[in-house]
Amino acid sequence: DVCSSDLSMSPADEPAARRPARVRREISAGGVVFRTDGEKTLILLIRDAHRNWGFPKGHVERGEDPASAAVREVREETGLETVDIIAPVRTISWRFRFRGALIHKTCHFFVISTRQVRTKPQRGEGITACRWVTLDHGERLITHDNARGVLVAAREVIGRATAQASA
């Protein structure tokens, strides 16, 4: 007869469904890039390899701060050379699975201005298109709700920046 204390299992013996999943944390940064065209304010969206529209973003590298990473990623993914950070706008987090691993990603977004018009999508990283759109069109085109929330928050910052520039 076996008593219940002998039935204890080590965590390695527990069924996978009961074991807490290991979560890998990733930190990214990106930009809500805008420019003015006469009276219109335009934002830059990118389309990824899965045909999702959103903002340029990527991993913060070791020793890099989020603002510097945002500028670097915007330059790399869009081909824009001259960009200026206006202000931090929002940090979002989400979870997803990639190659069986559970990832918890946090992304710091910044409002970034440019005067450049011509873009060059970073096709080697799966960026299939860059498109300048109005704020309203951007809200409709953005694929993910959390990125749409970033744009909603960025509207106020962009409005203040364009008002100051025209004053």
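A disulfide is a pair of cysteine sulfur atoms within 2.5 Å. By that criterion, a search of the whole structure, which is a predicted model, finds zero disulfides. The points below are grouped by topic.

**Cysteines**

- C107 counts as buried because its relative accessibility is 0%.
- C130 also counts as buried, at 17% relative accessibility, a value that falls under the 20% limit for burial.

**Aromatic and charged contacts**

- One aromatic pair is found in a search of the whole structure.
- The pair consists of F55 and F109 in an edge-to-face arrangement, with 5.9 Å centre to centre and 65° between the planes.
- F55 lies in the loop between β3 (53-54) and β4 (57-59), while F109 belongs to strand β6 (residues 101-113), so the pair ties together parts that are 54 residues apart in sequence.
- Both partners are buried: F55 has a relative accessibility of 2%, and F109 has a relative accessible area of 3%.
- Elsewhere, R35 lies over the face of W132, at 4.6 Å from the ring centre.

**Nonpolar cores**

- The largest nonpolar core has 24 residues, of which V32, I43, L45, F55 and I158 touch the most other members.
- Two or more residues of this core come from each of β1 (23-37), β2 (40-47), β5 (84-98), β6, β7 (129-134), α2 (135-141) and α3 (145-166).
- The element that gives the most to this core is α3, with seven residues.
- Not counting residues up to four places away in sequence, I158 touches V32, F34, T41, I43, V111 and L135.
- Another core, of 16 residues, lies apart from the largest one; A29, V33, L42 and A69 are among its members.

- I85 is placed in strand β5.
- With a relative accessible area of 32%, I85 is classed as partly exposed, because that class lies between the 20% limit for buried and the 50% limit for exposed.
- Leaving aside neighbours within four places in sequence, I85 is in contact with A67, V71, F110, V111 and I112.
- The C-alpha atoms of I85 and V111 are separated by 6.1 Å, although these residues are 26 residues apart along the chain.

**Strand β2 and its partners**

- Strand β2 is mostly covered, with seven of its eight residues buried.
- β1 and β2 run antiparallel and are joined by four bridges; within this pairing, D37 stands opposite K40 in β2.
- These strands, β1 and β2, form a hairpin with two residues between them, and G38 in the turn has a positive phi of about 65°.
- β2 also pairs with β7 in the antiparallel sense, over six bridges, and I43 stands opposite V133 in β7.
- A further antiparallel pairing, over two bridges, connects β2 with β3, where I46 stands opposite G54 in β3.
- The hairpin of β2 and β3 has five residues between the strands, and R51 takes a positive phi near 70° there.
- In a regular strand, side chains alternate between the two faces of the sheet.

Methods:
Residues numbered from 1 in each chain as written. Predicted model: local features only at pLDDT ≥ 70, side-chain atom pairs only at ≥ 80, totals over all residues. Heavy atoms only, no water. Buried < 20%, exposed > 50% of the residue type's maximum accessible area, 1.4 Å probe, protein only. Phe/Tyr/Trp six-rings, centres within 6.5 Å; stacked < 30°, edge-to-face > 60°. Lys NZ or Arg CZ within 6 Å of the ring centre and 35° of its normal. Core = buried A, V, L, I, M, F, W, Y, C linked by side-chain atoms within 4.5 Å. Contact = heavy atoms within 4.5 Å. Pairing = 2+ DSSP bridges.
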